Amino acid sequence: MDAPTTTSSAGSDGSGGNSGDWGWFTPSRKPPEDQRAPDQQSDERAPSRPVNPIRPVGTEADRRTPAAPAPGPGAGDRRGDNRRTGGPANTGPAPTGRAATGREEHQRPDEAAPAPQDVRPGPDSPFVAPETASPDAILLRRTMAEVEPISDKVTSYFYALLFVQHPELRPLFPAAMDAQRDRLFKAILTAARLIDDPDILTDFLSRLGRGHRKYGTQPEHYPAVGECLIGALTRYAVTTWNDEAEAAWVRAYTAISQIMIDASAEDELIAPAWWQAEVVEHESRTHDIAVITVRPDQPYPFLAGQYTSLETPWWPRVWRHYSFASAPRTDGLLSFHVKAVPAGWVSSALVHRARPGDVIRLGPPAGSMTVDHASDNGLLCLGGGTGIAPIKALVEDVADHGRHRPVEVFYGARNDHDLYDIDTMLRLAQRHPWLAVRPVVSDGPTNGLSGRLPDAVRQYGPWNAFDAYLSGPPGMIRSGVDALVGVGIPSHRIRHDSIEELAAAAE
């Protein structure tokens, strides 16, 4: 991930969440060593499961001629969202021939395609290939640079192909595809961009492969996705697509899918695809925030600062991410802070509908916003809203390890009422003399600090001997990172939620 990251307990419904395992984010370096509990490790390795060759969607000429099929479920305008609930999506085949009126964005213009030209990313493009890039990486990045401005159309066509040509895969996706829509396709593009960084690529894809187990993904599904990827790129990369580009993409996708398949097979040996967890406590803190405690049906290994994906019985196949609100407990219970956002499917169900006795499902733990206990640096923690949940877990983790490192927590909210967990944090500060907690309120009168969270941090310090941790809304993360870099904390010592995921996190 992009620097060590986590996901705030607001989850993908709210200000601090992320968009899930298929979000578009690029790791900048390898995270710490495997964080599974020792009793979850295994020397046994699963046999490699080779992916089938990708079956191209017809010849190149065939693929360029027909009009696109009508988009499948969820392939509409990305600006729509699943706040509009509806009945089951239609999975029947799309009409052949020209798409219906109003679907022009999925068709090629009737006029002849422009003459091929050498499309090169601009200097500020994320797809600029370094001088040491391999020939395949250059071809892949040129294709991505061409389709990036029309990514909506490419994504829509990709899912249209997938659901029309492989309707058996439709049940793997949620009924409403709005939140899901960009994730799979953009994760593939991200992986392709990393094709020359095998260590980072393998880590990125291995986590995706393990995470995809909860969706029911099987090895035989990968070729279908690959052929539809090739079909979508063939249709829209009009100036950069040729036999060499197609061969590069086939090689890249084959390598990508093989890594994910092998990681999934190895994970089967040591962990379930998901955990069942019973709600044992539901505590309302405000009208829209609840603290939910669950008991997993079997041991659940995780580290403080990590997050998990969560599915409720009321919205099958809709997974949202929430951070653990405590360090691992001896009783095995897990806690989450959830804020219900307007029309948020999962968050509203958890806050307003869930009760003790209900059973939810948990995916595997993920995220690397964890404490390096080999370091003597202090911890500077910024938590906004329900982003205070993983910050609290980090504080408990430091306390559990018994090393009295200085920990400075800045807890931000709009008003005093929204500081829903301030009493818990102040009790921790009374118990541990190495911990300081400073509430920061941006609107209205307060007994704490007034103003924006990053501005408050600038008033204190120096912070050169601290590692920084941020969790909260995307705007807070962006401004917080800028402020921390401005006061001299190196970027590699700033750990935070992935901004790309957070920006796409609303339901």
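Asp 136 forms a salt bridge (a side-chain nitrogen of Lys or Arg within 4 Å of a carboxyl oxygen of Asp or Glu) with Arg 251, and their closest N and O atoms sit 2.8 Å apart. The pair links distant parts of the chain, with Asp 136 in helix H2 (residues 135-147) and Arg 251 in helix H7 (residues 243-268), 115 residues apart. Helices (H or I, at least four residues) and strands (E, at least two) are DSSP runs, numbered from the N terminus. The model is a predicted one, where local features need pLDDT of at least 70 and side-chain atom pairs count only at pLDDT 80 or more, while totals for chains, interfaces and linings use all residues. Residues are numbered from 1 along each chain as its sequence is written, and side-chain values use heavy atoms, leaving out hydrogens and water.

In all, the structure holds 14 salt bridges. Another one brings Asp 421 and Arg 285 together at 2.7 Å between the closest N and O atoms. Asp 421 lies in the loop between E8 and H10 and Arg 285 in the loop between E1 and E2, so this pair ties together parts 136 residues apart in sequence. Asp 421 is buried (under 20% relative accessible area; exposed is over 50%, partly exposed in between; 1.4 Å probe, protein chains only) at 1%, whereas Arg 285 is partly exposed at 26%.

Turning to helix H8 (residues 345-353), seven of its nine residues are buried, among them Trp 345 and Leu 350.
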